Amino acid sequence: MLGKGRKVSGRGEAVAANYAFGPAEDDIIIKHRLLTRTTTTRGEPPLKKLQKKFTSFVLEVEKDGDNYTDCEKLGKAFLQELTTFEIPLLKSKAIVDANLREKENFNELKDEINRQILQAQDDIEYLKKQLEESKIERRHKEECESIRKLNALQPPRSETQKIITDLEKEIAALDAENTAGSRMLELRKKQFALLLHVVDELQNTIEEEQKNLMEEMRIATEEQKNGIEDASGGSEAMAVD
C-alpha cells in the first residue's frame, strides 16, 4: 500500500505529496507485474504456476512406468493453465492494439488540430488585412462625406459663376484704372521733370543777369570814381596856374 502525507509551508507554497515508493521503485514494481502477469503483490505469479505445471508434465512424461493417465491428466492441467495464462495475454494484446489505434487517432487528431491552428492563423491574418482595408475605406468615406457637407454649404454654381464674373469685371476695371493712373503718373513725372528743367534754366538766367548787373554796376562805379578823380585833378591844376 502507498502511504501519503502532506507538508504545508508557512508561505502558502504548493502542497507536496510523499509516497512510500519513489518513481524508480514504482517503475520496477510495474515492470515486474507486467512480466509476471500479476496485478497485486499477493499470490503466486501465473507464469510461475504455468512453469510448475509444465515441469510436472515433463517429469511425468520422462518416467518409464505405465503413467499414461497421469500424463494425460497433467497435460490437460498444463493446457488449461496455458489457456488461463493466454487469456490475459490476448487481453493485453487487444489493449495494446487499442492503444496503438488510439495513438494513431490521437496523432491524426493532433495533426488536424495543428492544421486547424495554422488555418486559424491564416484566417486571422486575412481578417486583419480586411480590417485594415475596411478602416481605410471607412476613413475615405468619412473624408468624402466631409467634403460633400462642405460642398453643400457652398452657394450654387450659377451664383458662384456670377460672383466670379463680377470679380473679373471689377479686376479688369481696376487694371484699367491702374493703367490710367500709371499713365497719369508718368505724365506728371515728365511735367515735373520739365518744370525742374525750366526752373534750373530760369535760375541760371537769373544768376547770369545778376552777374551782368553786378558787372555793369561795378563798371559804372569805377567810371564814376574815375570821373570824380579827373574832376578833382583839373581843379588842382587850375589852382596852381
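**Group meeting: helices and salt bridges in a predicted model**

Let's start with Arg115, which counts as partly exposed because its relative accessibility is 45%. The cut-offs: buried is under 20% relative accessible area, exposed is over 50%, and partly exposed is in between, with a 1.4 Å probe and protein chains only.

Some ground rules. This is a predicted model, where local features need pLDDT of at least 70, side-chain atom pairs count only at pLDDT 80 or more, and totals for chains, interfaces and linings use all residues. Residues are numbered from 1 along each chain as its sequence is written, and side-chain values use heavy atoms, leaving out hydrogens and water.

Back to Arg115. What does Arg115 form with Glu112? A salt bridge, with the closest N and O atoms 2.5 Å apart. By salt bridge I mean a side-chain nitrogen of Lys or Arg within 4 Å of a carboxyl oxygen of Asp or Glu. Glu112 is partly exposed, at 30% relative accessible area. In general, an α-helix has 3.6 residues a turn, so residues three or four places apart point the same way.

Helix α3 has a second example. Lys76 and Glu72 meet in a salt bridge, 3.5 Å from N to O. They are four residues apart in α3. Lys76 counts as exposed, at 54% relative accessibility. Glu72 is partly exposed, at 35%.

Now α3 itself. It covers residues 68–153, 86 residues in total. First C-alpha to last, α3 reaches 123 Å, close to the expected 128 Å. That expectation is 1.5 Å times one less than the number of residues. Helices here are DSSP runs of H or I, at least four residues; strands are E runs, at least two; both are numbered from the N terminus.

Which residues of α3 are buried? Cys71, Gly75, Phe78, Glu81, Phe85 and Ser92. They pack against α2, residues 46–61. Across the protein, buried residues make up 5% of the 241.

On to helix α4. Arg218 and Glu222 both lie there, four residues apart. Their salt bridge has its closest N and O atoms 2.7 Å apart. Arg218 is partly exposed at 38% relative accessibility, and Glu222 is partly exposed at 39%. Glu215 joins Arg218 and Glu222 in a network of salt bridges.

To zoom out: the structure holds nine salt bridges. The protein has four helices and two strands. From the N terminus, the order is β-β-α-α-α-α.

Notes: Contact = heavy atoms within 4.5 Å.
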